[in-house]
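Here are my comments on the model you sent. Please read them with the structure open.

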Amino acid sequence: MAEAAAPAVDEPHPSRPPDETDLPAAAAEAPASTFAIYRALARAQVRAQASYRVSFALDLVSNVVFLGADLLTVLVVFQQVPVLAGFSLAEALLVFGLSSLAFSLADLAVGNIERMKHYVRTGLLDAVLIRPLGVLSQLVVLDIGLRRLGRVATGVAMLAFAANRAGVQATPANLLLLVIAPLAGAVFFGAVFVATATVAFWWVESGELSAALTYGGRDFTAYPMTIYGGWFRHLLAFGLGFGLVAYYPALILLDRPDPIGGPWWLGWCGPVLALAAAGVATLVWRTGVRHYRSTGS
Amino acid sequence: MGFITATADRLTIRNFTETARLIRTLGAAGFRRFSTYRQATVAATVTNSMFGFLRTYVMLAVAGSAAALGTQAAGYDAPRLVTYVWAGQGLIGVVLLWGWTDLADRIRSGDVVTDLLRPVHPVLGYLLPDLGRAAYALLTRFTVPIAVGALAFDMYWPQRAATYPMFAVSVVLATLVCFAGRFLVNAAAYWLLDSRGVLVAWAVCSGVLGGLYFPIRFLPEWAATALYLGTPFPSLLQVPLDVLVERDAAAGQLGLLALQACWAAVLLAACVAVQRRAERRLVVQGG
C-alpha cells in the first residue's frame with residue numbers, strides 16, 4: 001500500500017500553525033492549517049481505501065470476524081468445561097470484553113504504527129521526517145484504520161452484554177469504572193504499540209516481534225489471570241502491567257476478591273499505569289527518532 | 001499496455017534429469033533466500049513462543065477443569081494439548097500461514113509478466129521455492145518452539161514409531177495445501193488488484209478453522225466433520241497436529257493423511273486452472 005499510503009501534500013505549509021485565537025477570516029487566508037493538512041491526508045487515505053470496494057468490504061467484515069474469532073475461542077473453551085480456573089463464562093466474558101474494547105480503541109488510534117518497519121525499510125520515513133508536522137501523528141494518519149471501526153463498535157456491544165450477564169451492579173462507581181478501564185487500557189495498549197514499533201529504528205527486520213507484546217498482551221489480558229502459571233503471570237501482569245487492564249477492574253465489577261491475593265484497589269490503578277506507560281513510550285519514541293538512520297533505499 | 005497470452009502451457013521439461021535439476025535449483029533458491037532473513041526468523045520464533053505460552057496456559061486450564069470433572073477435553077489430555085499448542089506454533093512458519101503476498105504484489109506492480117516469460121509453469125515456479133523455504137523453516141521456526149515448550153512444560157511425545165514418518169508426510173501435505181491456498185488468495189489480485197481484504201479473510205479462516213486458536217474437535221461433532229471434509233483449513237494445522245499427538249489410532253491417522261492428499265490435489269489443480277484463466281484476462285498496468 002506504499003503508493004496509496006503516500007498522498008503528497010502539495011499545498012505550501014505555513015511556517016507555524018495559526019494561533020487558536022485566530023479569527024475565522026484569518027483561517028480562510030491560510031487554508032493549509034495544520035488541522036486541514038491532517039484532514040486532507042486522512043481524507044485521501046479513506047478515499048484510496050474505499051475505492052477498492054470489494055476488498056474494503058471484505059476487510060471491514062474480516063476485522064469484525066477477527067474479534068469474533070477470539071470470542072469464539074472463549075465460547076468453544078467453555079463448551080468443554082463449565083468453569084475455567086475459577087471463573088464462569090459470564091465472568092470470563094467480562095474480562096474479555098474489557099480487554100478487547102481497550103485493545104480495539106488503541107488499534108483504531110495508533111494500530112498503524114506497526115507498519116513502522118515497512119516505512120523504515122522503504123525509506124518512506126525520510127519523506128515523513130522532512131515535513132513540518134509531527135512524525136508520530138503523520139504516521140498515524142498515513143494508513144487510517146477505518147476498517148477497524150467495526151471492531152470498536154462490536155467491543156462496546158460485547159462489554160455491555162457481558163456486564164449485564166455477569167450481574168454487575170449499576171452503582172455509580174461501577175459505571176465509572178466501566179468507562180475508565182477501557183480508556184486507560186486503550187492508552188496503555190497504545191503506549192505498547194508505539195514503544196514496540198520503535199524497535200524498527202534499530203532493528204529493521206524486526207518482523208512480528210512487536211506482535212508478541214501488542215497482540216500477545218491482548219491475548220494475555222483476555223483471560224482471567226488465574227489460568228497463567230508462576231513467573232509468566234508475574235512478569236506480564238505486574239512486571240509489564242497487563243494485569244491492570246482487564247483482570248483487576250473486572251474483579252471490582254464482579255465484587256469478588258482476587259483468588260491470587262492482589263489488593264482490591266489495583267482495579268482503579270489503570271489510569272496511573274496508562275500515564276506512566278505513555279510517558280515511557282514517548283521517551284522511547286523520541287530516542288528512536290533521534291537515532292534514526294535512513295536505510296538509503 | 002498489451003495482452004499477454006499464456007506462454008506457460010508450453011511443455012518445456014523433457015526428461016527426468018532436467019526435472020530433478022529444476023526442483024533442486026528452485027528449491028535451493030527458496031531455502032537460501034529465507035536463510036538470509038536471520039533477524040526476521042529470530043523475531044518470528046520469539047513471537048511464536050510468546051503465543052505458545054499464552055495458548056498453553058488456556059489449554060492447561062481447560063485440561064485441568066476437565067480432569068476435575070473426570071473427563072477429557074475432546075479426547076486430549078494435558079500433555080497432548082501442550083504438544084498440540086507448541087507444535088502448532090512451530091508449524092505456522094513451516095506452512096507459512098500468513099504474510100505471503102509475493103504474487104499479489106507482483107500482480108499489482110506488473111512484475112508478474114516476467115513470471116510468464118520463464119520456461120517454468122508459474123505455479124511450479126512459486127511452489128518449488130516455497131518448499132525450499134519450508135525446509136529452512138522446519139530447521140529453525142519449528143524446532144525452536146518445540147524446544148521452548150519441552151523445557152517449560154510436560155509434553156506428549158509420540159508413542160508409536162510409525163507416527164513420525166506419518167507426521168513428516170502430513171507436514172509436506174500441509175505445506176502443499178497451504179501454498180495452494182495462499183496462491184489462490186493472492187491470485188484474486190488478478191481480478192481485484194487490491195487483495196488486502198481477501199488476504200485478511202484467509203488469515204482469519206486459516207487460523208480459526210485450521211485449529212490454531214483451539215483444536216477443531218472442541219466443536220460439536222457435526223461442525224468438526226463438516227470443516228474437515230468441506231474445507232481445506234483443518235488440513236493446514238489440525239491434521240498434522242492430530243497425527244503428531246496420536247489423537248486417533250493408526251487407521252485414523254492414515255485416513256487424515258488421505259483427506260489432506262485430496263485437498264492438496266484439488267487445490268493445486270485449482271491453482272493451475274485459475275492461473276490459466278488469469279493469463280487470458282491479464283492486462284498489464286502501466287508502462
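Predicted model: local features only at pLDDT ≥ 70, side-chain atom pairs only at ≥ 80, totals over all residues.

The points below go from the fold of one chain to a single residue and then to the contact between chains.

1. Fold of chain A. The chain holds 14 helices and zero strands.

2. Packing of chain A. Of its 297 residues, 45% count as buried. Among contacts with a separation of 6 or more, 78% are between residues 24 or more positions apart.

3. A:T214. This residue sits in helix 11 of chain A, which spans residues 209-221. Is A:T214 buried or exposed? A:T214 is buried, because 23 other C-beta atoms lie within 10 Å and the cut-off is 20 or more.

4. Surroundings of A:T214. With neighbours within four places in sequence left aside, A:T214 is in contact with A:E114, A:V192, A:F193 and A:T196. For A:V192, 22 residues away along the chain, the C-alpha separation from A:T214 is 6.3 Å.

5. Contact with chain B. On the chain A side 37 residues take part, and they are in contact with 35 residues of chain B. Helix 3 (53-80) and helix 11 of chain A each supply at least two residues to the side that touches chain B. Helix 3 gives the most, with 16 residues. By residue class, the chain A side divides into 24 nonpolar, nine polar and four charged.

How values were computed. Residues numbered from 1 in each chain as written. Chains lettered and ligands numbered in written order. Helix = DSSP H or I, 4+ residues; strand = E, 2+ residues; numbered from the N terminus. Buried ≥ 20, exposed ≤ 12 C-beta atoms within 10 Å, placed from the backbone. Contact = placed C-beta atoms within 7 Å. Nonpolar A, V, L, I, M, F, W, Y, C, P; charged D, E, K, R; others polar.
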